[in-house]
Amino acid sequence: MRVWYSLCRGTTRAIMGGFFGLSVSGEQNVPETGGLLIVANHLSFLDPPVVAIALAREIHFLARKTLFKPGGFGWLISSLNSIPIDQENPDMNGLRLVIKRCQEGHAVLIFPESTRSHDGFLQPGHPGAGLVAIKAGVPILPVRIFGTYEALPRNHKGLRFHPLHVSIGPTFKLEPSAKGDKTAYQRAVDEIMRRIGNLELEIGN
């Protein structure tokens with residue numbers, strides 16, 4: 001883990017852990033090295049930093065392309081391994097970069113639902129995530145986040161105190177698809193979302 005990333009992660013952990021309280025289960029499921037695709041539910045803007053401080057690996061993230069405009073904090077998210085993605089249009093270049101980084105041995109976080117939940121419940125996954133999972137060919141790590149919707153729900157500007165929990169499941173792999181089409185990718189992401197959803201039972205929620 002790079003010094004700069006470790007410093008930012010430690011600072012964020014101290015702030016968020018002190019303000020919200022954060023518990024993590026399943027840390028033993030995180031591979032220490034090698035390409036890894038981390039798949040998590042998406043509830044809030046807090047989700048990326050929460051996953052980053054829960055996993056003891058340096059992570060690469062996806063971020064909206066618009067956040068990289070000059071004069072913003074694009075320099076910061078770039079220094080923390082963010083990959084620009086065009087959410088308004090199909091972005092195959094962005095997906096190829098995610099696959100490339102996984103295959104280079106990095107751990108990359110994606111949210112298969114693509115957008116934050118409106119009600120705190122799991123949403124259907126999008127086939128683009130299934131495409132990435134199949135093409136990358138690396139272990140997939142399912143993660144479920146609890147509490148960030150209550151702390152900072154969509155369309156709410158103020159933070160609320162609420163305990164946070166991250167449940168990490170065992171890694172799995174998807175079989176390569178002989179037929180690379182939207183149906184195959186949708187089946188893949190459905191399996192991903194099923195595994196994320198099952199993590200709820202593991203912590204008794």
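**Helix α5.** I started with α5, residues 127-136, in this predicted model. I count it as largely enclosed by the rest of the structure, because 8 of its 10 residues are buried. I listed the buried ones: P127, A129, G130, L131, V132, A133, I134 and A136. I then checked what follows α5 and found G137, with a positive phi near 70 degrees.

**V189.** Next I went to V189, which sits in helix α7, residues 182-202. Is V189 buried or exposed? Its relative accessibility is 0%, so I put it down as buried. Leaving out residues up to four places away in sequence, I see V189 touching P112, G125, H126, P127, A129 and G130. P127, A129 and G130 are among the buried residues of α5. I also looked up V189 against K65: they are 124 residues apart in sequence, and their C-alphas are 23 Å apart.

**Cores.** Which residues touch the most other members of the largest nonpolar core? In that 30-residue core I get I38, L55 and V143. The elements giving it two or more residues are α1 (3-19), β2 (36-40), α2 (47-54), β3 (59-64), β5 (107-110), β6 (140-146) and β7 (164-168). The largest share, 5 residues, comes from α2.

As a general reminder to myself, nonpolar side chains tend to be buried together in soluble globular proteins.

Technical notes. Residues are numbered from 1 along each chain as its sequence is written. This is a predicted model: local features need pLDDT of at least 70, side-chain atom pairs count only at pLDDT 80 or more; totals for chains, interfaces and linings use all residues. Side-chain values use heavy atoms; hydrogens and water are left out. Buried means under 20% relative accessible area, exposed over 50%, partly exposed in between (1.4 Å probe, protein chains only). Helices (H or I, at least four residues) and strands (E, at least two) are DSSP runs, numbered from the N terminus. Contact means heavy atoms within 4.5 Å. A nonpolar core is a set of buried Ala, Val, Leu, Ile, Met, Phe, Trp, Tyr and Cys residues joined through side-chain atoms within 4.5 Å.
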